[in-house]
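Please consult the sequence and the coordinates alongside the text.

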Amino acid sequence: MASSSITFTQIKTTNNSFLALPNHSRRPFTPPNRVGFKVFASSDNSSVEPDLSVTVNGLQMPNPFVIGSGPPGTNYTVMKRAFDEGWGAVIAKTVSLDAEKVVNVTPRYARLRADNGTTKGQIIGWQNIELISDRPLETMLKEFKQLKEEYPDRILIASIMEEYNKAAWEELIDRVEQTGVDAIEVNFSCPHGMPERKMGAAVGQDCALLEEVNGWINAKATVPVWAKMTPNITDIAEPARVSLKAGCEGIAAINTIMSVMGINLKTLRPEPCVEGYSTPGGYSSKAVHPIALAKVMSIAKMMEAEFGDKGYSLSGIGGVETGNDAAEFILVGANTVQVCTGVMMHGYGVVKKLCAELKDFMRMHNFATIEDFRGASLPYFTTHMDLVRRQKEAIQQRKATKKGLQSDKDWTGDGFVKETESMVSN
């Protein structure tokens, strides 16, 4: 990859490592010695304050909580607020070269409550039919640059999307990188509106197309690239595999799930209703969390088996509103955890609650760092056939213990008393 006249934090090389420029204040990227699916709990951390800081693809974050691409990262004002509140990183709302093609409608959100039909029940589902940023690219780029000047040590990630056009992708990457952003997340997963123009999920659902576009992107990019996956596919591990093989340093999952929020039984019109009509949109919030965990687990297992200790990263997304939600993503292998709908519902200050609750979880298990427990739950996922085998063996063992000796030949001299007790019924 070309590296002349680059003034950014890192230069991507052909083997997916990054080199810091000599005149830059950031530390060089040292690849981690493992992808990170083992547990190393410290022996005595009862008096040590849990450390939430993480280093991902050479990017140092004070905590693993990242503003997910969407309304919470739509302009300078809100992204500045996120940094001031203490978020580990911010991913801006997705940009493309021609914002004039992006036309949003209102209303564009709909909610699902636990006791559907009332306005007081807990919100468990959220649907949007919102598109990517409708602000001029030049405006967004100016604000990226301003943010990096004001917060040089904070991580700002640009989310990008383009049509099936190599030159357009290359131009967008070049212009975005000139602002000094720390990394790029590629939106291969927006489920509504954009796929009609062969963008978003239209690329993420077609692995041949995904491989080609990823090739263009990674040949041009000089900062870490994360590929954001769509859950609207049979096997999410396959596009993740394709993206990593094509040069991406990280995977983000999941984007929203294609859905119809509901039908108004009085008007017989779908929600969200725009001039009497609607269109399927992306589903998020608490209700998608179990689905997201399964998808992230699947990707993590694939990464562990096929990519090993190569420093790739995984960012978990979906229904995070508590520190425990985040802990679950980390336990199935995520390095970072993104929050978007949760911010829209609870505000930017929720990051303090998330950090406090995650620290409480770490104290409970005596974990000193995020790496101490990342991927700890992965070994306990298996196949249904294996579950049947394990249970059969366990039942046989319990029966043997309960019945005691099966034959006179099984008596031993050393264990005679215990063997006797094993056959007593009271």
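## A surface patch

Where is the place of Leu-265? In this predicted model, Leu-265 lies in the loop that runs between strand S14 (262–263) and strand S15 (270–271). Its relative accessibility is 75%, above the 50% cut-off, so Leu-265 counts as exposed.

Leu-265 belongs to a nonpolar patch on the surface, together with Val-260 and Ile-263. The accessible area of these residues together is about 340 Å².

## The largest nonpolar core

In soluble globular proteins, nonpolar side chains tend to be buried together. Here, the largest nonpolar core comprises 100 residues. Trp-87, Phe-144, Ile-160, Ile-299, Leu-358 and Phe-373 are the residues with the most contacts inside this core. Helix H7 (residues 289–306) supplies the largest share of the core, with 8 residues.

Around Leu-358, leaving aside residues up to four places away in sequence, the residues touched are Leu-52, Pro-64, Phe-65, Gly-323, Ala-327, Ile-330, Ile-370 and Phe-373. Phe-373, one of these partners, is also listed with Leu-358 among the residues with the most contacts inside the core.

## A separate core and the cysteines

Another core, of 7 residues, lies apart from the largest one. Its members include Ile-132, Met-161, Cys-190 and Met-199. Cys-190 has a relative accessibility of 7%, under the 20% cut-off, and therefore counts as buried.

Cys-340, at 19% relative accessibility, falls under that cut-off too, so Cys-340 also counts as buried. A search of the whole structure finds 0 disulfides.

Conventions: Residues numbered from 1 in each chain as written. Predicted model: local features only at pLDDT ≥ 70, side-chain atom pairs only at ≥ 80, totals over all residues. Heavy atoms only, no water. Disulfide = S-S within 2.5 Å. Buried < 20%, exposed > 50% of the residue type's maximum accessible area, 1.4 Å probe, protein only. Core = buried A, V, L, I, M, F, W, Y, C linked by side-chain atoms within 4.5 Å. Helix = DSSP H or I, 4+ residues; strand = E, 2+ residues; numbered from the N terminus. Contact = heavy atoms within 4.5 Å. Patch = residues over 30% accessible without salt bridge, like charges linked within 9 Å, V, L, I, M, F, W, Y side chains within 5 Å. Areas by Shrake-Rupley, 256 points an atom, 1.4 Å probe, with all protein chains shown as cover. Salt bridge = Lys/Arg side-chain N within 4 Å of Asp/Glu carboxyl O.
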